[in-house]
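Lead sentences come first, followed by points grouped by topic.

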Amino acid sequence: VIDLFSIQAAEDTRYDLPLYYKGELMSTNQEVTTNNVLKPMGENDGYQHLWVEGQADMTGEIFRMTWFNKKKFYTVSSVLESGDEAIFTRIGANDPNFNLRRDPGMIHRGTGGNTLFSSVYEIHGSYNYASERPLNIFSSISNLKILYKSADYVAVGLELIGGEQYQFSFSLNDKKETSKHVIDTTVGIHEWTGVYDFRKLQTIE
């Protein structure tokens, strides 16, 4: 699943994009600092119900996190911007009657003006409880990049471990199936008809 979240806002706006999941966190490619003493993430707007279990000042070009649930592995890969943070949470703070389900979560925090959160979600692999043997536990995404973003269009490129490269382009405002679109991406001019386009590329560099 390709997940694109585009926001138009003033500079120095803070964004918190949450991901709640079921299962057990297996791995992440960031260095996470865990908290031995839990504190609520904030005082209002729902933050008061989130325990902060850990955090990471994210580095590199891609954030990757894998978790396990019901014999399957799940991985999210997200494009990073400078200064992005990951905050690992769990629902349940300020809940005296224990009415909230204790789900884990990860909040991707960024600061800036016009912003595009770009992620790919994968379901992969399996686990045999009898043999205790996992299969295909790693993500198939080797690279993910934003190729174009504006108030009207977004385009992302993704590369698989096998070397195949693809581009997904999307019109944010024009939903007509017959409309023609042209954008100048970091890998060249791209034209298509309709709301979106998905095609194989030679390169996303």
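A residue is called buried under 20% relative accessible area, exposed over 50% and partly exposed in between, with a 1.4 Å probe and protein chains only. By that definition Asp45 is exposed, because its relative accessible area is 69%. The model is predicted: local features need pLDDT of at least 70 and side-chain atom pairs count only at pLDDT 80 or more, whereas totals for chains, interfaces and linings use all residues. Residues are numbered from 1 along each chain as its sequence is written, and side-chain values use heavy atoms, with hydrogens and water left out.

**Overall dimensions and surface**

- Along the principal axes, the C-alpha atoms of the protein chain fill a box of roughly 55 × 50 × 30 Å.
- Of the 205 residues in the protein chain, 40% are buried.
- The protein chain exposes about 11,900 Å², and carbon and sulfur atoms supply 50% of that area. Accessible areas come from the Shrake-Rupley method with a 1.4 Å probe, and for residues only the protein chains shown count as cover.
- Contact means heavy atoms within 4.5 Å. Among contacts between residues at least 6 apart in sequence, 60% join residues at least 24 apart.
- The protein chain carries 19 positive and 27 negative charges, and their mean positions are 8 Å apart. Lys and Arg count as positive and Asp and Glu as negative, while His and the chain ends are not counted. Each charge is placed at NZ of Lys, CZ of Arg, CG of Asp or CD of Glu.

**Strand pairing**

- Two strands pair if DSSP finds at least two bridges between them. Strands of a sheet pair through backbone hydrogen bonds, either parallel or antiparallel.
- An open sheet of five strands has the order β2-β9-β8-β5-β4, with antiparallel pairing. Its edge strands are β2 (13–20) and β4 (33–34), each of which pairs on one side only.
- Within this sheet, β8 (residues 85–91) and β9 (residues 104–112) run antiparallel and are joined by six bridges. Thr89 stands opposite Gly105 in β9.
- Strands β13 (residues 141–149) and β14 (residues 153–160) pair over seven bridges in the antiparallel sense. They form a hairpin with three residues between them, and Tyr148 stands opposite Ala155 in β14.

**Aromatic pairs**

- Rings of Phe, Tyr and Trp (its six-membered ring) pair if their centres lie within 6.5 Å; planes under 30 degrees apart count as stacked, over 60 as edge-to-face and the rest as tilted. A search of the whole structure finds twelve aromatic pairs.
- One of these is the tilted pair of Tyr21 and Trp67, with 5.2 Å centre to centre and 35° between the planes. Tyr21 is in the loop between β2 and β3 (24–28) and Trp67 is in strand β6 (residues 62–69), so this pair links parts of the chain 46 residues apart. Both Tyr21 and Trp67 are buried.
- Phe68 and Tyr127 form an edge-to-face pair, 5.8 Å centre to centre with 75° between the planes. Phe68 lies in strand β6 and Tyr127 in strand β11 (residues 126–128), so the pair ties together parts that are 59 residues apart in sequence.
- Phe68 counts as buried at 14% relative accessibility, whereas Tyr127 is partly exposed at 22%.
- Tyr166, Phe168, Phe170, Tyr196 and Phe198 form one aromatic cluster.

- Asp45, which is not a glycine, has a positive phi of about 55°. Asp45 lies in the loop between β4 and β5 (50–57).
- Asn136 also has a positive phi, near 50°, in a residue other than glycine. Its place is the loop between β12 (133–135) and β13, and Asn136 counts as exposed at 53% relative accessibility.

**Surroundings of Ser6**

- Ser6 lies in strand β1 (residues 2–7) and is partly exposed, with a relative accessible area of 27%.
- Leaving aside neighbours within four places in sequence, Ser6 is in contact with Thr115, Leu116, Ser150, Val154 and Leu172.
- Ser6 and Tyr196 are 190 residues apart along the chain, and their C-alpha atoms are separated by 15 Å.

Notes: Helices (H or I, at least four residues) and strands (E, at least two) are DSSP runs, numbered from the N terminus.
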